[in-house]
Amino acid sequence: MTLTIAVDIGGTHIRVAAYEPNSTVPVSHHRTQSLAQTPGVYDRLMEAIKQVWQDGQVSAIGIASPGPLDPHAGVILDTPNIPEWDNFPLAAKLTEQFGVPVYLDNDANLAGLGEWRYGAGREHHDLVYLTISTGIGGGVISNDALLQGYRGMGAELGHMLIDPNGPFCGCGKRGHIESFASGPSIVRYFNEQLDAGQKSSLQSHPNLGTAQLAEAALGGDSLAISAFSRAGHYLGIAVANFLAIFDPSILIFGGGVSQVGDLLFKPFEESLHKQVFHPHYLDDLVIAKAALGDDAGLLGALALARMKSDEIK
Ligand SMILES: [Zn+2]
């Protein structure tokens, strides 16, 4: 019983990898389409696990999945990404199938866990991880433990309320930090300003991405610059709240939007310094880029399975 299997269920792909003890380099891996809108996700997942399975060798399976989910019960609640998984007992079904313990948590929590164990957050005991892409996800390590909460719904940092009268969030409520600082929110604000008559070198376009916006901003486009600095301003407010709650020694930023760099992070840091409750929170605070890239979920699932297995021993 030496292998741990890690699974990352993404919007387009399911990735599965098997790891020997103390290694983060897989001995085998397999990738299949998740096509979450197409029925049969569970069967595709099962087949993918069989591809890396070795009889008698596997000790546990860890899974990073889109939420909301209940990590304590191993149940997917009602993730909008996979409509057929409604109150779906994923861990129990896989345990029945493969005969090993199965642990799961949401992808952002596990990306945070992965960064802590194997990435940018090693040596830290209190960590806040934020991924900024089409949405905003969060993961928190507090005093060397993954914060999951009573219901397993903890650390939904993207849905921190900033302004109840603010724009609509991906979740349907108003004014969460995701509605100000996710990629689509930045583009939405930019398009709204164009429609209101502001000038830019770019045309209003629903498929505009933050990469194009960043290019325009770097070329001096003042509207594009202001779209990022507005997002950075609100991100600073959200993170000031996170510092007051979690008091981390490191903030780690992942996700595509965080790749824009200073356009977002200069105004973010200015805002954070202005909004933070006490300047002592900023002493020795490390602000780092995520180190694991696309492997964060997979390595977080690996870390979760190893940690839970150690607890049982
Ligand atoms: Zn929300």
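Rings of Phe, Tyr and Trp (its six-membered ring) pair if their centres lie within 6.5 Å; planes under 30 degrees apart count as stacked, over 60 as edge-to-face and the rest as tilted. This is a predicted model, in which local features need pLDDT of at least 70 and side-chain atom pairs count only at pLDDT 80 or more, while totals for chains, interfaces and linings use all residues. Residues are numbered from 1 along each chain as its sequence is written, and side-chain values use heavy atoms, with hydrogens and water left out.

Q: Which residues do ring pairs link into a cluster with Trp85?
A: Ring pairs join Tyr42, Trp85 and Phe88 into a cluster.

Q: What makes the pair of phenylalanine 180 and tyrosine 234 stacked?
A: The ring centres of phenylalanine 180 and tyrosine 234 are 3.9 Å apart and the planes stand at 20 degrees, so the pair is stacked. This pair links distant parts of the chain, with phenylalanine 180 in helix 4 (residues 178-181) and tyrosine 234 in helix 7 (residues 222-246), 54 residues apart. Helices (H or I, at least four residues) and strands (E, at least two) are DSSP runs, numbered from the N terminus.

Q: Which atoms coordinate the zinc ion?
A: Donors are N, O and S atoms within 2.8 Å of the metal (3.2 Å for Na, K and Ca); water is not among the atoms, so sites may look incomplete. His159 (ND1), Cys169 (SG), Cys171 (SG) and His176 (ND1) coordinate the zinc ion at 2.0 to 2.3 Å. Along the chain, the donors follow the spacing H-x9-C-x1-C-x4-H.

Q: Why is the arrangement around the zinc ion called tetrahedral?
A: Four donors count as tetrahedral if all angles lie between 85 and 135 degrees; four count as square planar and six as octahedral if opposite donors are over 155 degrees apart and all others between 65 and 115; anything else is irregular. The 4 donor atoms subtend angles of 100 to 117 degrees, and the arrangement is therefore tetrahedral.

Q: Is cysteine 169 buried or exposed, and on what value does this rest?
A: Buried means under 20% relative accessible area, exposed over 50%, and partly exposed in between (1.4 Å probe, protein chains only). Cysteine 169 counts as buried because its relative accessibility is 7%. Histidine 176, with a relative accessible area of 10%, is buried, whereas cysteine 171 is partly exposed at 40%.

Q: Why are strand 11 and strand 13 said to stand at the edges?
A: Two strands pair if DSSP finds at least two bridges between them. The open sheet has 5 strands in the order 11-10-9-12-13, with mixed pairing. Strand 11 (145-146) and strand 13 (286-289) each have a single partner strand, so one side of each lacks a neighbour in the sheet.

Q: How many bridges join strand 9 to strand 10?
A: Strand 9 and strand 10 run antiparallel and are joined by 6 bridges, and a hairpin connects them through 3 residues. Isoleucine 132 has isoleucine 136 in strand 10 as its bridge partner. By contrast, strand 9 (residues 127-132) runs parallel to strand 12 (residues 250-254), with 5 bridges between them.

Q: Why is strand 10 described as largely enclosed?
A: In strand 10 (residues 136-142), 6 of the 7 residues are buried, so the rest of the structure largely encloses the strand.
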